[in-house]
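Here's a quick tour of a fold and its charged pairs. Have the coordinates open while you read.

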Amino acid sequence: MATVQFRIKGKMNPANIKIRFKNGDKFDFELATGLKTKIEHWSSSKQKVKNIAIANYKDDVNNNLNALRTFVENQYFISITNNEEITSKWLKNKINIYFERPTNKIDNSKIYLVDFIEKCQNKFEALLKKYAN
């Protein structure tokens with residue numbers, strides 16, 4: 001059975017909350033969720049932000065962590081039913097889908113390069129016509 005855990009690593013403050021997705025010796029992935037918390041507000045045993053008044057963001061973060069756990073577990077069962085390979089890329093994609101982040105990055109350099117070449121070609125053709133006459 002696959003398990004989802006949350007933890008923080010390092011001494012940076014605020015710290016990134018990481019998701020660890022593990023299934024025995026089949027796979028063990030750990031990725032950043034994009035959520036952050038202060039180290040002193042994190043409960044390692046409960047894997048969530050402590051219920052303290054100073055952590056006024058706790059409900060938002062904890063609700064996202066609980067929903068993300070459920071989402072990843074449900075997506076895992078769907079994926080194994082469809083014989084999909086579970087990889088770190090799969091997990092990153094599911095995290096991005098949950099948080100409604102773009103999953104496909106467009107290489108803007110290609111777009112700009114094509115546009116640049118077309119403009120240069122048009123200018124070159126205009127110069128040829130000008131000096132050909």
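## Starting point

Is Lys 9 buried, partly exposed or exposed? With a relative accessibility of 46%, Lys 9 counts as partly exposed; the cut-offs are under 20% relative accessible area for buried, over 50% for exposed and partly exposed in between, using a 1.4 Å probe and protein chains only.

Bear in mind that this is a predicted model: local features need pLDDT of at least 70, side-chain atom pairs count only at pLDDT 80 or more, and totals for chains, interfaces and linings use all residues. Residues are numbered from 1 along each chain as its sequence is written, and side-chain values use heavy atoms, leaving out hydrogens and water.

## The sheet

Three strands make an open sheet in the order β1-β2-β3, with antiparallel pairing. Strands here are DSSP runs of E with at least two residues, helices are runs of H or I with at least four, and both are numbered from the N terminus; two strands pair if DSSP finds at least two bridges between them. At the edges sit β1 (3-8) and β3 (27-37), each pairing on one side only.

Six bridges hold β1 and β2 together, while β2 (residues 15-23) and β3 share eight. The β1-β2 hairpin has six residues between its strands, and Gly 10 in the turn has a positive phi of about 85°.

Helix α2 (residues 88-98) lies across β2 and β3, at about 30° to β3. That angle is taken between N-to-C directions on a 0 to 180 degrees scale, with axes fitted to C-alpha atoms, for helices over the stretch in contact (heavy atoms within 4.5 Å). The buried residues of α2 are Trp 90, Leu 91, Lys 94, Ile 95 and Asn 96, and they pack against β2, β3 and α1 (58-81).

## Charged pairs

There are three salt bridges, each a side-chain nitrogen of Lys or Arg within 4 Å of a carboxyl oxygen of Asp or Glu. Arg 7 meets Glu 30 with the closest N and O atoms 2.4 Å apart. For Lys 9 and Glu 30 that distance is 3.0 Å. Lys 9 is in the loop between β1 and β2 and Glu 30 in β3, so this pair ties together parts 21 residues apart in sequence.
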